[in-house]
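Dear colleague,

I am handing over the structure below, and my notes on it follow. Please read them with the model open beside you.

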Amino acid sequence: MSLLDRPDLHFTRGPFGKLHVRFGKGARTSGPRPRWVPMLDGLDLVLRWFLDDVRGKFPDSPVLFADESGGSLHRGTIRNRLRHLVELEGRPATDRFSPHALRRACATHNYERGVDVVAIQQLLGHWTVSSTTRYVRPSATFIEDAYRRAVTTTLGELTAERDSFA
C-alpha cells in the first residue's frame, strides 16, 4: 500500500478497476510479489475521492500516498496514523489493528462471503493455499451458520428421498 504510485491505479481495467501492486508483500526470502488486484467494495470510489479531493494537497509526485515532501509514506507512519485514529475515536487499546491485520480481515471477510479460497490466495499474492488458510479466521457465527445450512440441506435431501419412495 505504501509503495503504490498514481499510475498503478487502472480504473477502467476489468469490471471494478484494478490496482497494479508492484511491490506486494512476499515471504521473508522470496521478495516482492507483483499482481493485479481488483478494486472491490467501492475502493474505486474511495480512490477517486482521494485523488480529487485530498492528493492535490500534497507535493506533486507519482506517489499515491505521499508524505509532506512528496515521497512514499513509510510503513511505520501508516501504522502509527492508524493507531492515532483509533485513539481519537476513543477506542480501547484492544481495538488497535495494523495494516497486516487488514490483510487478515480481507481474507476472512471474503471467505465468509463465499469467495473461493484460491481467488483469495491470488488477491493476497500467496504462493500456496495453505498460507491463505492461515489468514482466514471465520467467526463463531459463521461456523454455526455453515453447520446449520449443511444440516438443513441434508435433512431436505433425506426428506425428498423418503417422499420419492412413498
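In what follows, a residue is called buried when its relative accessible area is under 20%, exposed when it is over 50%, and partly exposed in between, as computed with a 1.4 Å probe on protein chains only. The model is a predicted one, in which local features need pLDDT of at least 70 and side-chain atom pairs count only at pLDDT 80 or more, while totals for chains, interfaces and linings use all residues. Residues are numbered from 1 along each chain as its sequence is written, and side-chain values use heavy atoms, with hydrogens and water left out.

I begin with the salt bridges, where the term stands for a side-chain nitrogen of Lys or Arg within 4 Å of a carboxyl oxygen of Asp or Glu. A search of the whole structure finds 6 of them. One of these joins Asp 145 to Arg 148, with the closest N and O atoms 2.9 Å apart; because the two residues are 3 apart in helix α6, about one helical turn separates them. Asp 145 is partly exposed, at a relative accessible area of 29%. Helices (H or I, at least four residues) and strands (E, at least two) are DSSP runs, numbered from the N terminus.

Asp 5, Asp 8 and Arg 22 are linked in a network of salt bridges. The side chains of Asp 5 and Arg 22 meet at 3.0 Å, N to O, and this pair links distant parts of the chain, since Asp 5 lies in the segment before β1 and Arg 22 in the loop between β2 and β3, 17 residues apart. Arg 22 also meets Asp 8, at 2.8 Å, N to O, and here the two residues are 14 apart, with Asp 8 again in the segment before β1. As for accessibility, Arg 22 counts as partly exposed at 26%, whereas Asp 8 is buried at 5%.

Next comes the sheet, for which two strands are said to pair if DSSP finds at least two bridges between them. Strands of a sheet pair through backbone hydrogen bonds, either parallel or antiparallel. Here an open sheet of 3 strands has the order β1-β2-β3, with antiparallel pairing, and the edge strands are β1 and β3, each of which pairs on one side only. Strand β1 (residues 9-10) is joined to β2 by 2 bridges, and β2 pairs with β3 (residues 35-38) over 4 bridges. Within this arrangement His 10 stands opposite Lys 18, and Lys 18 has Pro 38 as its bridge partner in β3, while Val 21 has Arg 35.

Turning to the interior, a nonpolar core is a set of buried Ala, Val, Leu, Ile, Met, Phe, Trp, Tyr and Cys residues joined through side-chain atoms within 4.5 Å. The largest such core has 14 residues, of which Leu 4, Leu 9, Leu 19, Met 39, Leu 47, Leu 64 and Phe 65 touch the most other members. At least two residues of this core are supplied by each of β2, α1 and α2 (75-88). A second, separate core of 5 residues includes Ala 107, Ile 120, Tyr 135 and Val 136.

Most residues other than glycine have a negative phi, yet Asp 41, which is not a glycine, has a positive phi of about 55°. Asp 41 is placed in the loop between β3 and α1 (43-54) and counts as exposed, at 63% relative accessibility. Val 151, in helix α6 (residues 140-165), counts as partly exposed at 32% relative accessibility.

With best regards
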